[in-house]
Amino acid sequence: MSRSPDRRSDSLRFAAGFAIVFGALTIVSGGIALFSSQGVRELFGNVIQFVLWFNFLSGFAYVVTGWGLWKKKAWAVQASVLIFALILGVFTYLGLHILNGAAFEARTVAAMTFRAASWLFISLIAIKSIPRKHQGADQK
């Protein structure tokens, strides 16, 4: 008799794979917005440099954290929660920026909403899927 697949493991693998792909896409799109010619950068509209740099650099953290989740590393659970918290902090900064009447792109608000929601779900899946009893094991 064969065992049915472990739902938690499947959810964690999906979340990890999603984090890695999302991170890679974030690095590519952020790199284009930051390092392309002036004409290409103008296509991005009213970017907020701090938010753009945060998103670009966080893409690397997404990939590393995704790999850690794939390997069921306890540190990756903590990293996913930290990423979520940092996104909320930058989102707050964005909100204050907008409330002060500065220029912004609506797609930035949509993208930050998507990032926050994605990392909330990734964090919750990680917390449920990697038991605390194993969290000290990979610290050695």
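Start by selecting helix H3 (49–70; helices here are DSSP runs of H or I, at least four residues): its buried residues are covered by elements including H1, H4 and H5. Buried means under 20% relative accessible area with a 1.4 Å probe, protein chains only. Bear in mind that this is a predicted model, where local features need pLDDT of at least 70 and side-chain atom pairs count only at pLDDT 80 or more, while totals for chains, interfaces and linings use all residues. Residues are numbered from 1 along each chain as its sequence is written, and side-chain values use heavy atoms, leaving out hydrogens and water.

Still on H3, colour its buried residues, among them Val51, Asn55, Tyr62 and Leu69.

Next, show the largest nonpolar core, which has 23 residues. Such a core is a set of buried Ala, Val, Leu, Ile, Met, Phe, Trp, Tyr and Cys residues joined through side-chain atoms within 4.5 Å. Val51, Tyr62 and Met112 are among the members touching the most others. H4 (74–99) gives the most, seven residues.

Now zoom in on Met112. Beyond four places in sequence, Met112 is in contact (heavy atoms within 4.5 Å) with Val51, Asn55, Ile87, Val90, Phe91 and Leu94.

Last stop: Glu105, in the loop between H4 and H5 (106–129). Glu105 is buried without a salt bridge, meaning a Lys or Arg side-chain nitrogen within 4 Å of an Asp or Glu carboxyl oxygen. So where does its side chain reach? It reaches the backbone nitrogen of Asn46, at 2.8 Å.

Key
Helices (H or I, at least four residues) and strands (E, at least two) are DSSP runs, numbered from the N terminus. Buried means under 20% relative accessible area, exposed over 50%, partly exposed in between (1.4 Å probe, protein chains only). Lys and Arg count as positive and Asp and Glu as negative; His and the chain ends are not counted. A polar contact is a pair of N or O atoms within 3.5 Å; within protein, one must be able to donate a hydrogen and the other to accept it, and residues adjacent in sequence count only if both atoms are side-chain atoms.
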